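Me: I'd like to learn how to read strands and sheets in a structure. Could you walk me through some examples?

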Amino acid sequence: MSVESIIERVRAMNHEADVTPLQRAYDFAARVHKGQERVSGEPYLSHPLAVAEILLDLKMDVESIAAGLLHDVVEDTHASLEEVKKAFGNEIGDLVDGLTKISKLHFGSRVEHQAESLRKMVLAMSKDIRVILIKLADRLHNMRTLEPLREEKRRLIARETLDIYSPIAHRLGIYWMKAELEDLALRHLEPEVYHDLAARVAKKRREREKDINEVIEILQQKLTEVGIQAEIMGRPKHFYSIYKKMRDQRKEFDEIYDLTAVRVITESIKDCYGSLGVIHSLWKPIQGRFKDFVAMPKSNLYQSLHTTVVGPVGEPVEIQIRTHEMHKTAEDGIAAHWVYKEGRAALDPADKGFAWIRQLLEWQRELKDSREFLETVKVDLFPDEVYVFTPKGDVKSFPKGATPIDFAFGVHTDIGFTCVGAKVNSRLVPLRYELQNGDIVEILTDVKHRPSRDWLKLVKTPRARGRIKQWVKNEEKLRSISLGKDLLEKELRRMGKSPAQILKPETMATMLARSGFSAPDEFFATVGYGKLSPRQAMARLLPPEELPPEGEARPERKARQRPDDGVTLLGANDFLIHFARCCSPLPGDEIVGFITRGRGVSVHSADCPNVDQLFYDPERKIKVSWDAAPSVPHQVKIRVTIGVDRPGILAAISTAISASKINIAQADVRVTEDRKGLNTFTLEVSDLKQLQSAMGAIRQIDGVMGVERIRG
């Protein structure tokens with residue numbers, strides 16, 4: 001696309017639009033990007049032009065499209081933000097600033113950099129929603145042109161897209177963009193699965209096309225007979241939604257019937273419910289598959305009636321019913337609704353559709369730890385929701401899988417802290433009960449009751465998780481302060497010193513200032529956590545002449561790092577190290593350390609599911625890194641799923657593993673009743689790269705359906 005065609009499309013949408021900024025933005029971008037190329041070898045300017053085209057598809061305004069043309073100039077060229085603002089004004093300049101990653105600062109890890117860039121974007125989009133729309137357009141074009149990048153980079157970008165950007169598109173209600181982002185991510189994360197699914201979906205859709213057309217024809221005739229004007233069409237499901245259903249519900253492809261849904265678009269809400277009555281009179285509805293998002297819209301303002309019926313040939317057919325206005329919101333999303341209905345850049349607190357952005361902004365302010373913020377954002381963007389009622393009839397929405405504890409914290413923090421039980425639909429339920437649509441929830445409280453760390457395994461909402469973590473952290477800190485003080489008092493008495501005299505705040509003041517501690521409690525907590533031994537603490541508290549000679553000191557069992565574990569502690573060297581069995585990290589995995597009580601440092605992979613529960617207290621985190629050349633092999637488990645077991649396939653898998661110079665320590669080979677193979681191998685590998693090489697070779701074997709690494 002050229003800038004001339006962009007300007008022409010803008011004028012076609014709005015004859016009165018001032019298109020001058022578009023030509024100027026293009027000229028500016030062309031000048032500063034001159035000579036730059038993308039990894040594919042194309043001129044770099046092709047990317048901002050493509051982003052502008054996607055923004056046109058979203059029906060964005062001139063300022064947004066100009067910012068789309070300029071979105072990389074500050075980050076990737078010599079141009080400064082001041083130049084952009086001087087040339088195009090503060091409105092376009094602020095949009096560009098919101099899109100510019102924090103790239104000129106040094107961060108300890110990729111996750112930290114990702115989180116801090118996301119923080120900046122959250123702040124920018126809370127002020128102007130157009131920031132995230134331009135970012136989505138940028139991400140979509142990058143996903144469309146991901147092929148030339150190396151595999152590791154493609155997988156990182158695809159995973160980030162699936163975790164953050166496609167859920168944001170869902171929250172904005174831009175379903176066509178969400179679907180394309182998810183399908184493209186699947187293509188790069190699971191290429192064999194994607195291409196196999198694409199071929200099978202195409203074949204099955206052709207087979208079912210006649211059946212769907214029959215449903216549309218019968219329904220059109222019946223609606224016309226009762227005087228309801230409606231537009232009826234088929235809507236194919238996108239690949240990722242099919243893959244997700246197969247994975248989550250453990251279904252085979254042939255068990256997925258709703259590859260194509262039928263959509264009915266009517267003139268009024270009355271006709272929506274009238275159409276529903278006609279549909280249920282024609283075909284038997286499937287129990288539990290009716291959802292009324294008209295009376296109870298989703299958080300992104302999506303409205304529609306969903307029902308699944310047994311169609312004319314005996315197979316399930318999913319049908320969606322909505323008005324033209326609902327359809328416009330569903331297709332173009334809340335973003336387009338805002339652009340044309342409101343005509344403003346600022347976020348209105350009264351807009352229910354933007355409540356999730358305000359929630360992200362709250363977490364951005366409250367959560368200082370980068371990893372915790374990133375994980376919280378992923379949970380908060382969780383798209384599947386359930387709607388439940390308070391005893392007074394107020395509606396509250398929660399992520400799918402939420403429990404009464406989430407509900408309690410959703411009402412008020414104090415109710416969450418004192419929650420001892422719950423009644424759902426007037427019946428007592430356990431706190432692990434998963435809330436269902438339409439439940440009426442009543443929380444039982446006891447003012448003497450306090451949360452449990454085990455609750456972290458039950459809750460789904462960031463609010464509940466954050467409040468519980470904070471409470472547990474405070475309790476842990478109080479215990480550590482008490483323990484640290486006890487240990488220091490015992491050590492001082494053993495040395496013949498007076499604890500009451502030496503541990504007074506005024507006596508400790510000089511030491512605290514010299515050592516960087518803000519208060520005595522912080523010093524006591526450090527000893528209680530195990531970061532300082534009592535002996536090391538004495539060296540800070542007392543002058544050298546008052547410390548006993550080394551020979552007189554009580555012998556202490558010194559924790560030390562094994563020379564062959566392959567891990568280095570940053571800023572410490574006297575801890576035992578062990579690898580967590582829950583995730584079995586490998587050299588090449590991003591890793592984090594957690595100071596345990598009495599067992600030294602536990603090393604976890606950064607994506608371990610237990611990390612979120614363990615790292616509620618930043619004081620117990622410790623930076624760890626892999627040695628340059630680890631000398632000991634690490635054991636890791638993989639699961640290989642075979643479509644149909646056949647002679648020789650196990651030998652082929654063993655050969656592929658051996659060719660990667662990997663030893664098989666253990667193998668568990670099983671064949672199911674339907675002749676599928678479920679094989680688990682324990683391998684001894686040197687690093688992540690060697691494991692990925694072997695898994696890639698196994699995937700190429702004819703008959704292998706999937707290969708996955710097993711955590712724990």
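Me: Is strand β4 mostly covered or open, and how many of its residues are buried?

Reply: Bear in mind that this is a predicted model. A residue is called buried when its relative accessible area is under 20%. In β4, which spans residues 305-310, five of the six residues are buried, so by this cut-off the strand is mostly covered.

Me: Which strands pair with β4, and in what sense?

Reply: The general idea first: strands of a sheet pair through backbone hydrogen bonds, either parallel or antiparallel. Here, β4 pairs with β3 (residues 291-292) in the antiparallel sense over two bridges, and Lys291 stands opposite His306 of β4. β4 also pairs with β5 (residues 316-323), again antiparallel, over six bridges. In that pairing, Val310 faces Pro316 of β5 as its opposite residue.

Me: What lies between the strands in the hairpin of β4 and β5?

Reply: Five residues sit between those two strands, and Gly314 in this hairpin takes a positive phi near 85°.

Me: Now the sheet with β12: what is its strand order, and which strands stand at the edges?

Reply: Four strands form an open sheet in the order β12-β14-β13-β15, with mixed pairing. β12 (577-579) and β15 (621-622) are the edge strands; each has a single partner strand, so one side of each has no neighbour in the sheet.

Me: How do β12 and β14 pair, parallel or antiparallel?

Reply: β12 and β14 (residues 601-605) run in the parallel sense, with three bridges between them. As a landmark to look for, His578 stands opposite Ser602 in β14.

Note on methods. Residues are numbered from 1 along each chain as its sequence is written. This is a predicted model: local features need pLDDT of at least 70, side-chain atom pairs count only at pLDDT 80 or more; totals for chains, interfaces and linings use all residues. Side-chain values use heavy atoms; hydrogens and water are left out. Buried means under 20% relative accessible area, exposed over 50%, partly exposed in between (1.4 Å probe, protein chains only). Two strands pair if DSSP finds at least two bridges between them.
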